[in-house]
Amino acid sequence: MRYGKGQHRMNRATSVFLALTALVVLSGCSSSGGGSPPEIIGTPAARLASATTTSSATSLVLSTATILEAGSSDAAAQVALGDATVRARLRSMALVASSGAGVSSPTTILAVAASDHQAAQTIISGATIADHAPVYVVEMTGGPFTANQYPPGGQAPQGDVLTLTIDAQTYQVRDVGFHPVAPDLTQIGSVMTL
Amino acid sequence: MTLPMRMVSAVAVTAAVLTANTVRAQPHDYAILETPNIPSDANSGESIWINTYLLSVEYCNSTNDNFVNHEMWYITCTSSSCINNGSPKYWVEVGIKSGATSGSGCVYDTIFWADSRPGGGYNEHYYPNVGWNTGSPSNPAWYDMGITNSASCTWSVVFGGVNLGISTSNCAGSGRILEAGIEHKVNVQEADYALGNLTNWVEEESPSGGPWLDQWDGVGNGNGIAIQWNSGLTPEALMTFVSNTETEEGLGQD
């Protein structure tokens, strides 16, 4: 499956990239102008206000991202986890993720349903997530599991435990965690073995 | 400059296709803007404006985990205890991804953030429920990405005015590195592309709530661009300053 927002952009990608290459040729990879001391610009709000009205070349306009669906708490996920079809689907997703992370046969695969994504992630990752949709959390042991991305100069993060947080309605993977110690799923709800 | 010809020649390198079993061990390619490690600099956060015109991988499935990201990283500690074999252990990042996540799912043009913190492991968070628009070189759609210290050991992550989340229990050590640009994971040689711009890179000094400086130290005036070509395959990446305060970057692989 091809991935990208719109086939039209895929089709003209090469020509666009060649145009970018030409731009670099013309510029000689150099910058313009001389240096100047850093300007202290106060609060972020003040910085954004000034940035939208001044620029060396053209005015820059800041866009705003949009929350399409914030989600809402729903106990239906807990009920659905009792469905063998749902458990089989989650197990399949778990095995794909585990294999991709370098472990073809995890030692254990556990799952729990959570009515609130944010509450679940507080326990799983410690992060505060701005979302409240119902989710499933799947936890696999038997690592080391290896992540897929890292900063420049970095190494792929690893963890003995892999967790997936999956939207209970769309089955999209919303969070992926690589942990040194297994998060306590019992703090979220009734734990089932997949 | 022979890059177009090298792009053509890249097609002939399909023999370099690697197996899924080794994908996570493969190096990544980067076209980035980055600061040097300056002690006591940018201790409380960073921000940058991002315009993403194109992020695309040709194939994404259970055995092909290519991805392209257009994003920003904030390395939260550079002291010796925070470095493992020369690699930073702790950071927060935010951006947009097309391709494979670490959960072997596939996303496209999806906002994400992630953190790696002491004792807390590494976690990625995806936001298919947050919408944004692609820009273009002539009509950019700029979004402000920010990672800022919001309380003790706490980092707020914002994209386009949307508070994505908070990295907690993430006590930083000394030293920061600020980075932004394109990350490309190459598992299978295929047609992957990224195009975009960065501007308005700023940093917040300590303490939290301290002054924001209208720069990343060491970045601008032709300095601060790094192209890291680690995969051994032959994609092409470029990054250039179109002004002292704006870059244009792209990646193409056929």
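1. A:Y171 touches A:R89 and A:I166, leaving aside residues up to four places away in sequence. Here two residues are in contact if their C-beta atoms, placed from the backbone, lie within 7 Å. A:Y171 sits in the loop between strand 5 and strand 6 (173–179) of chain A. With 13 other C-beta atoms within 10 Å, A:Y171 is partly exposed. The terms work as follows: a residue is buried if 20 or more other C-beta atoms lie within 10 Å of its own, exposed if 12 or fewer, and partly exposed in between. The C-alpha atoms of A:Y171 and A:V86 are separated by 10.0 Å, although these residues are 85 residues apart along the chain.

2. This is a predicted model, in which local features need pLDDT of at least 70 and side-chain atom pairs count only at pLDDT 80 or more, while totals for chains, interfaces and linings use all residues. Residues are numbered from 1 along each chain as its sequence is written, and chains are lettered from A and ligands numbered from 1 in the order in which they are written.

3. Confidence should be read before the details. pLDDT is the predictor's confidence in each residue, from 0 to 100. Chain A averages a pLDDT of 76, and 64% of the residues score at least 70. Among the elements of chain A, strand 2 has the highest mean pLDDT (97) and helix 1 (residues 7–11) the lowest (37). Over residues 22–38 of chain A the pLDDT stays under 50, and the model has 22 contacts for them beyond four places in sequence. Over residues 40–57 of chain A the pLDDT is also below 50, and this stretch has 27 contacts in the model beyond near neighbours in sequence.

4. Chain A contains six helices and seven strands. Helices (H or I, at least four residues) and strands (E, at least two) are DSSP runs, numbered from the N terminus. In that direction the elements of chain A run α-α-α-β-α-α-β-α-β-β-β-β-β. Of the 194 residues in chain A, 40% are buried. Among contacts in chain A between residues at least 6 apart in sequence, 62% join residues at least 24 apart.

5. Which residues of helix 5 of chain A are buried? They are A:L90, A:M93, A:A94, A:A97, A:S98 and A:G100. Seen down the axis of helix 5 of chain A, the buried residues fall within an arc of 160°, so they line one face of the helix. The arc is that of the directions from the helix axis to the C-beta atoms. The face of helix 5 of chain A turned away from the buried side carries the exposed residues A:A84, A:T85, A:A88 and A:S92. The cover over the buried residues of helix 5 includes strand 2 (108–114), strand 4 (135–146) and strand 5 (158–167) of chain A.

6. Helix 5 (residues 84–100) of chain A has 17 residues and reaches 24 Å from its first C-alpha to its last, close to the 24 Å expected at 1.5 Å a residue. The expected span is 1.5 Å times one less than the number of residues in the helix. Just after helix 5 of chain A, A:G102 takes a positive phi of about 100°.

7. Strand 4 of chain A is mostly covered, with nine of its 12 residues buried. Strand 4 runs antiparallel to strand 2 of chain A, and seven bridges join them. One bridge pairs A:I109 with A:M140 in strand 4. Strand 4 also runs antiparallel to strand 5 of chain A, with nine bridges between them. There A:T146 has A:Q158 in strand 5 as its bridge partner. Two strands pair if DSSP finds at least two bridges between them.

8. A few backbone angles deserve a check. Most residues other than glycine have a negative phi, and most peptide bonds are trans. The peptide bond from A:G143 to A:P144 is cis, with omega near 25°, and A:P144 lies in strand 4 of chain A. B:N85 is not a glycine but has a positive phi of about 55°. B:N85 is in the loop between strand 4 (83–84) and strand 5 (87–88) of chain B and counts as exposed, with 6 C-beta neighbours inside 10 Å.
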